[in-house]
Amino acid sequence: MAGGGGGGGSGASPLGHAPPMWYHRDLSRAAAEELLARAGRDGSFLVRDSESVNGAYALCVLFQKHVHTYRILPDDEGFLAVQTSQGVQPKRFKTLPELVSLYLQPSQGLVTTLLYPVEREETAVSDDRDYSDGEDEKPPLPPRSSSTSTPPGPDTPTDSTPAANGLSTISHEYLKGSYALDLEAVKQGASSLPHLNKTLVASCKRLNGEVDKVLSGLEILSKVFDQQSAFMVSKMIQQVQSVNQGGDQELENLVTKLAILKDLLSSIEKKALKALQDMSLTSPCSPPPLHSMRHSKSIPVQAFEVKLDVYLAELTKIGKSQKYTLSVDVEGGRLVVMKKVKDNQEDWITYTHDKIRQLIKSQRVQNKLGIVFEKEKDKSQRKDFIFASAKKREAFCQLLQLMKNKHSNQDEPDMISIFIGTWNMGSVPAPKNVASWVLCRGLGKTLDEMTVTIPHDLYVFGSQENSVCDREWVESLRALLKEQTELDYKPIAVQTLWNIKLAVLVKPEHENRISHVGMSSVKTGIANTLGNKGAVGVSFMFNGTSFGFVNCHLTSGNEKIARRNQNYLDILRLLSLGDKQLSSFDISLRFTHLFWLGDLNYRLDMDIQEILNYINRKEFDPLLKVDQLNLEREKNKVFLRFAEEEISFPPTYRYERGSRDTYVWQKQKATGMRTNVPSWCDRILWKSYPETHIVCNSYGCTDDVVTSDHSPVFATFEVGVTSQFVSKKGLPKSSEQAYIEFESIEAIVKTASRTKFFIEFYSTCLEGEFKKSYENDSQSSDNVNFLRVGWSNKQLTTLKPLLSEIEYLQDQHLLLTVKSLDGYESYGECVLALKSMIGSTAQQFHTYLSHRGEETGNIRGSMRVRVPSERMGTRERLYEWISVDKDETSGPKGKSAVVCRSGHEYVKPSVIRKPLGELGKVSEEGERNSKEETAARPKQDGSDSDPSISKNSYNNPAYYILEGVPNQSAAAVSPELLPSPTSANPQAAKPPPPSAGARSKPPGAASGPPHPRRQVRAISEESSSEDDGGACVVGAQGGGVGSTLNRPPPDFPPPPLPKGALEMVPEAPFTKPRSLYPDLAEVRIPAAGSAAHGDAFRRGGVGAGALDDQSCSVLQMAKTLSDSEFPGQPPRAPSAPPPLRGQPMGLGLDACRTFPPRNPITESIAEDMPEEALWGSSSSSLSVGESSVGEWLQRLGLERYEQGLLHNGWDDLEFLSDITEEDLEEAGVHDPAHKRILLESLRQQQQQK
């Protein structure tokens, strides 16, 4: 019965004959604390499996509202003992019940006597019945055909799997009992020993799985290095793996496998050496670019009809023709710009690929594109064109990127394109023609016809209820791709669990860039033992970037939401993929990019007739609001910080087979009529590390593949990748060593424990497995269910990267896990991008912690990555060549509105957004929505919104509420957290009604290099649930509230806020140094409508690392309004812009301001601030001696940048203090030395002022 961490061996179970009710198998630490909090009595206890040590347990005891955890460890002889202090003799027990019975007695060394067992909840057996979407009366049998993938083995936990030391236990049992039976059989003339055979088979079960796993890996190597014998090797492996019989046959198969394994291991190195030697002899010293080795179908010249965008200054030229044709010759590397003049004559200019400096997409006008051409040396010209549609603009950009890549002098790609498809085939073979699937033709967001035939670098096919054998399925996919692309795609991995399949194919030119291929599967069918439901996964490295792909088929049934959620959490925890050193992290943090696809089976909670009416009218927004997956993500139950592209296609299930015109939503069964409402069961989501490049270019379904009751779904992605970096300067000397230094770290973790903690740091850029900090040196708690822990500089280790080049370090990430000293279990993990932290001064970070798929807290700190000047050289990536224009009508630079996130907010990924370097640009959305829409929308009154805290609020650790725990809200548990009404400004208690239409940048926007980003879109009031509180959108202009339920996420949690109004304590001086987390007693809780509420959706890793969050948490607001600084960091001047980069954690004053300014808040802090620091101040924040930008640039000898700066809106010296490196880059300043000169000049001018 022991599984996961617990369980000694088979035979004499540590749990006794039957598991006691206080034992909770596979229960997480957080869930255990929640159960004990519900129990609420001192002496309540339970035992769960340890999360840190296999075969160990954790005894959790509640005492004085705190949970105390004791590790129970097995020794070499299998005895159990509670871990004790050094020198204390432990008491040993054979079973857990014996151990617990001792501690039920008083004075046994625990914090309290064990008094009240907290029993597990038994799940109903009927709940496990899951019959494949109601199509089958019984679960399908596993396929007979053998699979080339890793067979289900150690990846899927079973109760019968013996422990590592099980053989000795079983041997003892055999010698004590079954031995006599075999002896009796031999006396009667038997020639075999059935009982011994049974003992050996049981003992070798784990070995069988491990051998299968190793053989699969060696099989891949043999295909690469020994193609002549690879087929025979595969055939032998399949033969032995396909036999699944007991007794002698099973042992013979194991022996055969071991023989094959021995032969492969002894020969593979010699064969690989010979293959590489042959390659080195046949290929020249400097291999030609890979793209010239194999050619796909040549891309014809494509022409785009456009109009030149006319500026006010050019109105005098209106008489001239403004119609142009842009012809892209990808193969020739040319762009021809042609315009018609009088008498049908044409005038054209040809630009080679190296003369096209940059493409600049407009955020406001979706079909507008700026092209920067190089005219003469150091001189450029920008022209803005209007395309026929946004889709045409994207097609043009894609072709130009392809042209740039094709003619690049780089040996390795910066960017690849990925096709991902998912299809529940309904146990019927695919039709002959499924070309629309791979060409992304059909409904939803599709590719332009000019680009559909361009081959992708990777194709990933996930299928469910696929009855076709693996080999036949893969060959049919290869033939399909060959027909469409004229390329012979190579399969790099195929993984199967029953009829759930995942196949990954790669362009032949990339085959050698793939390494570290891993495969795994998890069963979640009936009792987690049947593979009719579950998941398969594949992972690999593409050069220096890690990828993970998961294809799943979750529990069906409209009402089985909780089962589907549990399926997801089981897969997240048990799927064995990626770097084994990252076993402390679930798979959502092990990969640079993780894609999750499949038949997730989440349904729509709406009456069937209403659903059909909305579908007929093509109104999907109301349906997306009741989509179970969206609702569960909103509650942070599943897919924490994952992203999904906007859904603009009809539900893909449940169609009448043979047609796409009719949904079949009823089925007569023996138990009655079964209803399957039309739903978006088939989904594709993703999660990426911060400050990485990923853009979803399409997301839709086919409308002509009708053999199944599901339609195939497709998505395509543009993904930035890194090369295997080789230092040209060799290993760094001590004087050239880069360092990663931390000034301080503080975390708030969701726990009732009061133990000590340490941090482990993992990264591929560090030598060794991981680095460790010392234990925290500060600890406090304002709430019984949360703990604030801090590490000062002396407790934190300085980390030394393997290489010191900035080009290498800016692509690296650091994984952190906060672990307890008592049980060495993780209380939360996170990932940080090093790119934003590079520099001579410390940068601040702030992100969320999660564990086992649940959000468990916040972490923030101050760090820097010091890179020696000798190693500072870098280059522009291909995906940085396309940038996004700041809104042309946003007014003066440096001023912005702030959008408070509503309880429901969704990121609209179809709109690309730049990382925002300072808090000074109005968000795209306010301009995209019409003024009429803004005017028609009534103002929200603060009193109309619901100020209640969601009962599932795990966003802001300062105000978590444990589900089911009475009187544990922020107001009830900790009255001291709420301010005294006498200390507040009386005017501040009554917040002004927010203006309905304003938009702004997120307060934590990054200032990294230009990367495409996603549009943030607030949802309308009617889409908010009663737990959300009201939406608060305040600011300058724009408006419009989207109703798309397409969600998520910031890199740190937007909190649900309790009642009250947030304001600054008037007596607090503005620059007074404070602790990293200000006392919550100093925070005024905002009234509904004055700040954002709720379980906001999050979109994780959707771009270059800007925080996709437009809310200010309680802690952020407290930090903002008190201007608390990190220990060891000097306070900033009030007027200086906050140095936010990448993943900022400390938000400056500007971060939570509104525009126009809120009078009550402004008045409460005005006396502590210089006038120029106030938001509404008219005084200049920068005093520059020259009267114009041109004169200032002329003095510096950089007048060439005047046109670019003016075009991007930097035409007023008054606001130049807000300019960032990214803004300079967008204005055409690409030379790092010139950027430094400009920024240094501005800094000196500001100091002189």
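**Loop geometry, salt bridges and packing in a predicted model**

F639 is buried, with a relative accessible area of 0%. Buried denotes under 20% relative accessible area, exposed over 50%, and partly exposed in between (1.4 Å probe, protein chains only). The model is predicted: local features need pLDDT of at least 70, side-chain atom pairs count only at pLDDT 80 or more, and totals for chains, interfaces and linings use all residues. Residues are numbered from 1 along each chain as its sequence is written, and side-chain values use heavy atoms, with hydrogens and water left out.

F639 sits in the loop between helix 14 and strand 23. Helices (H or I, at least four residues) and strands (E, at least two) are DSSP runs, numbered from the N terminus. F639 is not a glycine, yet has a positive phi of about 50°. R654 is found in the loop between helix 14 and strand 23. The peptide bond from Y653 to R654 is cis, with omega near 10°.

R654 also forms a salt bridge with D709 (3.7 Å, N to O). A salt bridge requires a side-chain nitrogen of Lys or Arg within 4 Å of a carboxyl oxygen of Asp or Glu. D709 lies in the loop between strand 26 (694–701) and strand 27 (713–720), so the pair ties together parts that are 55 residues apart in sequence. Both R654 and D709 are buried.

By this rule the model has 42 salt bridges. One of them joins D75 to R92 at 2.5 Å, N to O. D75 lies in the loop between strand 4 (66–74) and strand 5 (80–82), and R92 in the loop between strand 5 and helix 2 (96–103), so parts 17 residues apart in sequence are tied together. D75 is partly exposed at 27% relative accessibility. R92 is partly exposed at 43%.

In another salt bridge, the closest N and O atoms of K445 and E645 are 3.5 Å apart. K445 lies in strand 15 (residues 443–445) and E645 in the loop between helix 14 (628–634) and strand 23 (666–669), so this pair ties together parts that are 200 residues apart in sequence. K445 is partly exposed, at 21% relative accessible area. E645 is buried, at 0%.

D26 is located in the loop between strand 1 (23–24) and helix 1 (29–39). D26 is not a glycine, but its phi is positive, about 60°. Its relative accessible area is 23%, which counts as partly exposed.

Five strands form an open sheet in the order 19-20-21-22-25, with mixed pairing. Strands pair if DSSP finds at least two bridges between them. Strand 19 (514–523) and strand 25 (682–688) are the edges, each pairing on one side only. Strand 19 and strand 20 (residues 534–542) run antiparallel and are joined by eight bridges. I514 has F542 of strand 20 as its bridge partner. Helix 11 (residues 561–574) packs on the sheet, touching strand 19, strand 20, strand 21 (545–553) and strand 22 (593–599). Contact means heavy atoms within 4.5 Å. The direction of helix 11 makes about 140° with that of strand 22. Axes are lines fitted to C-alpha atoms, for helices over the stretch in contact, and angles run from 0 to 180 degrees between N-to-C directions.
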